[in-house]
Amino acid sequence: MSDSLKMENDEDFRKAVESISADLKTRGAGTINENIAIKFYDCSFKDKSLIVSVETNGWMSNPWGSLHGGIIVSVFDECMGMTSYCFNGQRMTQTLALNTSYLRPGTLGQRFFVKTRLTKTGNTIQYLTAEAWSEDRPGKLVATASGIYYATYHREQFSE
């Protein structure tokens with residue numbers, strides 16, 4: 001792990017998230033990562049949790065006018081991957097499994113929030129959970145997820 005991104009507190013965690021987010025935006029030009037504008041909201045180094053927000057708009061709609069489940073699961077995957085990255089020695093991650101449960105429609109035109117939490121970590125495998133809610137219904141979950149992530153190589157070793 002590079003000394004500049006060694007994590008010991010919330011501020012270090014935030015900087016690590018911002019670093020990987022910037023890298024993903026650069027690598028994700030022209031992809032869904034570029035179109036879904038994930039914004040850092042809060043984090044807890046102690047709880048190993050990250051909260052992000054996403055502004056929703058019309059292209060994120062399903063045919064029934066609510067937030068498309070594919071958008072929700074994409075944000076789950078992106079944020080659980082970022083959390084995994086931050087707590088695995090800052091190695092890139094691959095998603096091994098991602099299980100999502102949809103609980104109620106997400107509201108378009110409202111921000112939605114995703115909270116991820118690292119629940120268990122080994123040498124290369126990490127287990128995470130996530131939950132999403134709409135800004136207009138803060139106490140009502142839209143979806144939950146659990147994921148298993150595999151830590152591969154350090155970001156500097158990635159060849160394009």
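Student: Which helix gives the most to the lining of the largest cavity?
Tutor: The model is predicted. Helix 1 and helix 3 each supply at least two residues of the lining of the largest cavity. The helix that gives the most, with three residues, is helix 1.

Student: How much space lies in the largest cavity?
Tutor: A search of the whole structure finds one cavity of 30 Å³ or more. The space in the largest cavity is about 110 Å³.

Student: How many nonpolar, polar and charged residues does the lining of the largest cavity have?
Tutor: The residues lining the largest cavity include Ser 21, Leu 24, Lys 25, Asn 33 and Ile 36. Ala 37, Ile 38, Glu 78 and Met 82 are also among them. By class, the lining has two charged, two polar and five nonpolar residues.

Student: With which residues is Cys 86 in contact, leaving aside its neighbours within four places in sequence?
Tutor: Cys 86 is among the residues with the most contacts inside the largest nonpolar core, and so is Phe 13. Leaving aside neighbours within four places in sequence, Cys 86 is in contact with Met 7, Phe 13, Ala 16 and Val 17.

Student: How are the rings of Phe 13 and Phe 87 arranged as a pair?
Tutor: A search of the whole structure finds four aromatic pairs. The ring centres of Phe 13 and Phe 87 are 4.9 Å apart and the planes are at 70°. Planes over 60 degrees apart count as edge-to-face, so the pair of Phe 13 and Phe 87 is edge-to-face.

Student: Which strands does the pair of Tyr 41 and Phe 113 tie together?
Tutor: The rings of Tyr 41 and Phe 113 have planes at 70° and centres 4.9 Å apart, so this pair is edge-to-face. The two residues are 72 residues apart in sequence, and the parts tied together are strand 1 (residues 38–44) and strand 4 (residues 111–121).

Student: With which residues is Thr 100 in contact, leaving aside its neighbours within four places in sequence?
Tutor: Thr 100 lies in strand 3 and counts as buried at 18% relative accessibility. Leaving aside neighbours within four places in sequence, Thr 100 is in contact with Val 73, Phe 76, Thr 144 and Ala 145.

Student: What separates the C-alpha atoms of Thr 93 and Leu 50?
Tutor: Thr 93 is in strand 3 (residues 91–102) and is partly exposed, with a relative accessible area of 25%. Its contacts, leaving aside neighbours within four places in sequence, include Gly 81, Ser 84, Tyr 85 and Tyr 149. Leu 50 is 43 residues from Thr 93 along the chain, and their C-alpha atoms are separated by 16 Å.

Student: What is phi of Lys 48?
Tutor: Most residues other than glycine have a negative phi. Lys 48 is in the loop between strand 1 and strand 2 and is partly exposed at 33% relative accessibility. Phi of Lys 48 is positive, near 55°.

Student: What is phi of Gln 90?
Tutor: Gln 90 is in the loop between helix 3 and strand 3. Gln 90 is buried, with a relative accessible area of 3%. Phi of Gln 90, a residue other than glycine, has a positive value near 60°.

Definitions and conventions. Residues are numbered from 1 along each chain as its sequence is written. This is a predicted model: local features need pLDDT of at least 70, side-chain atom pairs count only at pLDDT 80 or more; totals for chains, interfaces and linings use all residues. Side-chain values use heavy atoms; hydrogens and water are left out. Rings of Phe, Tyr and Trp (its six-membered ring) pair if their centres lie within 6.5 Å; planes under 30 degrees apart count as stacked, over 60 as edge-to-face and the rest as tilted. Helices (H or I, at least four residues) and strands (E, at least two) are DSSP runs, numbered from the N terminus. On a 1 Å grid over the protein atoms alone, a cavity is a set of points where a 1.4 Å probe fits but cannot get out, and a pocket is an open set with protein on both sides within 12 Å along at least five of seven lines; lining residues have an atom within 4 Å of a point. Grid points are joined across faces, edges and corners, and a volume is the space filled by probe spheres set on the points. Ala, Val, Leu, Ile, Met, Phe, Trp, Tyr, Cys and Pro count as nonpolar, Asp, Glu, Lys and Arg as charged, and the others, Gly among them, as polar. A nonpolar core is a set of buried Ala, Val, Leu, Ile, Met, Phe, Trp, Tyr and Cys residues joined through side-chain atoms within 4.5 Å. Buried means under 20% relative accessible area, exposed over 50%, partly exposed in between (1.4 Å probe, protein chains only). Contact means heavy atoms within 4.5 Å.
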